[in-house]
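Please walk me through this structure in the viewer, stop by stop, telling me what to select next and what I will find there.

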Number of protein chains: 2
Amino acid sequence: MPAALDCSTLAAPSAASELPTRIVGILGGMGPAAGADFVRLFVQACADRMQQCGQAVNDQTFPEHWLMQVPVPDRTQALSSADDAPLEAMARALGRLETVGVCAVAMACNTAHAWHDELQARIPLIELLHMPREVVAYLRALRLREVGLLATQGTYRTGLYEAALAQAGITCHLPYEAERETLMRGIYDGVKTGDMAYAQSCFVDVAQRLIGRHGDVPLIMGCTEIPLTLTSAPQAAKWTLVNPAQVLAQALASRAYAG
Amino acid sequence: MPAALDCSTLAAPSAASELPTRIVGILGGMGPAAGADFVRLFVQACADRMQQCGQAVNDQTFPEHWLMQVPVPDRTQALSSADDAPLEAMARALGRLETVGVCAVAMACNTAHAWHDELQARIPLIELLHMPREVVAYLRALRLREVGLLATQGTYRTGLYEAALAQAGITCHLPYEAERETLMRGIYDGVKTGDMAYAQSCFVDVAQRLIGRHGDVPLIMGCTEIPLTLTSAPQAAKWTLVNPAQVLAQALASRAYAG
C-alpha cells in the first residue's frame, strides 16, 4: 500500500538537514501481538517517509515514539453489554501516555474506536487518530467504490466502518452472522492464544466466501489481529487486502514528522 | 529456542487464577526495527510462559509493558572515539521510563551494554537486564562449549561477549576484520536503511565463512538487527542460531511475572 505522502507540508529537507519530529504514542495491548506489529508498521512508515523526502534513514532520524501495552477489558464483550469498562481503562492509559509528552496517539485496535470521541474529549491536548476515518480517506484517495469488511462482532455492532464508508459513497459488504462467528473464533481462539494456523484458516474461509459472493472486492482487515495471519496465507496472494493498521501507522508517521 | 522456565518461583496458578504481573520496560530505537521486533519476542515469551504455567492466554493476562524508542547517538562510533554521548542519551531515556513505574528494563541493543553498569548505577531502583550475561547463562544451561559471534565492531571492541563466554569456559570464534566490516555494511547500509536483501547477503556470507572454518558451531546473532534478516535466509535452516534478543525477551518476561 503506498503512503499518501505530501512532503510540501514539512520543512524543506536537504541531504544534510533532518525532518523535524514530534513525539507520538501508540496505545496497544488489544491484543499485544497486534500492538507489537503496529510498531513495526510505524517504523516502516517513518522509513518510507524519510526516503520519499530524500532524507538519510538512520537510528537518529526516527521520531521518538512510545508504545504502551496495558490490559484493557474486552471491547466486543463490553459493547454487547453496554459496559464502559474499556473506556475507563483506555482513558487512564492515555492520561499516562500524555505524561511522556506525546502530541498524537494511535490506538492499535479497531473496536476500541467505539469510544474514540469520548476518549478524545478526555485528552483535548493530544490528537487521538481515528482508524476507520483514516481508512475511508485512504480508500477515497484510491477511488475504490466497493469493499468487504472483516472485523469483530464489536466493530460490526458499532457500525464504525459502515457509516464512514456510506458517507463516502463506498459500498460495504458484510459477512453473514455465522461467518462473523468464524472470524471471532479466529481472533479469540486463534491469534489471542497464539494458534496462528487455526486463525488463518478461519480468516481465509470467510474471505473466500465474501469474494465468492461479491467478486474480487478489496477486503478491509478491520481487526488488528486479522493481518497477523491473513496476509501470509497463500490464497491471499491474489486478493486486495487493506490493512487499517498500516494506514493508521502512516497517518501517525505524518503527525510525527509534522514539525 | 525453548524458554528456561521455572514456574515454581511464581504464585501457584490455577485455571481460574492469573499470574501476578509487574510493569516492565524496553529501551529501543537502536535501531527502531529491532526495538519493534523485541516487543514481538517479548509478547511471545509472555504467551509461552502463561501456557507453560497452565494459565489462559488473553489480552488481559499479559503484563503491562512500555517500549520507548528514542534517538541515541551511534554506539559503535562512540566506542571508537571514547565518546559517552550514548550513555547520556540512554540515562535520560531510562529516567523517563522510570517515571511510568517499570520495575525492570531490557535494552534492545547489544552494543549499548558497553554502558550497562554505569546506567544501572544511575537507576538503582530498577533492574537493568544484561543481554550478554543472559545469553551466556542460557548457553551454559544448554551445555554448549563452542560458539561463533556475529556482532558490531562496537560490541567486538568492548569484548562484552568474549569475556563472559571465557568465564563460562565457552570457546568463542570471531570473524576476521574484513568479515566484521561486511557485518557492519549489512547492519548500517542494509537493515538500518531498510535494504533487507543486502543485509541478508552480508550476514549469510560471514556466517558461512565462520562455519567453514570452525564447523557447524552455534552462532550468536550479537546485534539485534542481524536476526531481522538472517533467520529467514534459506541457508540458515541448517544452522544453529542463537538470538540474544529472544533470550533477553524471555528474561524480561520472567521479571514481568515474578510477582
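Predicted model: local features only at pLDDT ≥ 70, side-chain atom pairs only at ≥ 80, totals over all residues.

Begin by colouring chain A and chain B separately: chain A can be laid on chain B by a turn of 180 degrees with a shift of 0.0 Å along the axis, and the RMSD is 0.0 Å. The two copies are therefore related as by a two-fold rotation axis. To find that axis on screen, select A:L67, whose C-alpha lies 2.5 Å from it and comes closest to it of the residues of chain A.

**The interface**

The same surface serves both copies, since 100% of the contact residues of chain A recur in chain B. Between the two chains an area of about 2,700 Å² is buried, and carbon and sulfur atoms give 56% of it.

Now show the side chains and look at the polar links, where six salt bridges are found across the interface of chain A and chain B, together with 15 residue pairs in polar contact. For one salt bridge, select A:D59 and B:R75, whose side chains meet at 2.8 Å, N to O.

**Backbone features**

Most residues other than glycine have a negative phi, and most peptide bonds are trans. The next selections depart from those patterns, so display the backbone atoms for each of them.

Select A:M30 and A:G31, which are joined by a cis peptide bond with omega of about -10 degrees; A:G31 is in the loop between β1 (24-28) and α1 (32-52) of chain A. In chain B, a cis peptide bond joins B:M30 and B:G31, with omega of about -15 degrees, and B:G31 is in the loop between β1 (24-28) and α1 (32-52) of that chain.

Move on to B:A82, in the loop between α2 (75-80) and α3 (85-98) of chain B, where phi is near 50 degrees, a positive value in a residue other than glycine. Is B:A82 buried or exposed? B:A82 counts as exposed because its relative accessibility is 73%, and the cut-off for exposed is over 50%.

Finish at B:R143, in the loop between α5 (131-141) and β5 (146-150) of chain B. B:R143 is not a glycine, yet has a positive phi of about 60 degrees, and B:R143 is exposed, with a relative accessible area of 69%.

Key:
Residues numbered from 1 in each chain as written. Chains lettered and ligands numbered in written order. Heavy atoms only, no water. Helix = DSSP H or I, 4+ residues; strand = E, 2+ residues; numbered from the N terminus. Buried < 20%, exposed > 50% of the residue type's maximum accessible area, 1.4 Å probe, protein only. Least-squares fit on C-alpha atoms with pLDDT ≥ 70 in both. Contact = heavy atoms within 4.5 Å. Buried area = accessible area lost by both parts, 1.4 Å probe. Salt bridge = Lys/Arg side-chain N within 4 Å of Asp/Glu carboxyl O. Polar contact = N/O pair within 3.5 Å; in protein donor to acceptor, adjacent residues only side chain to side chain.
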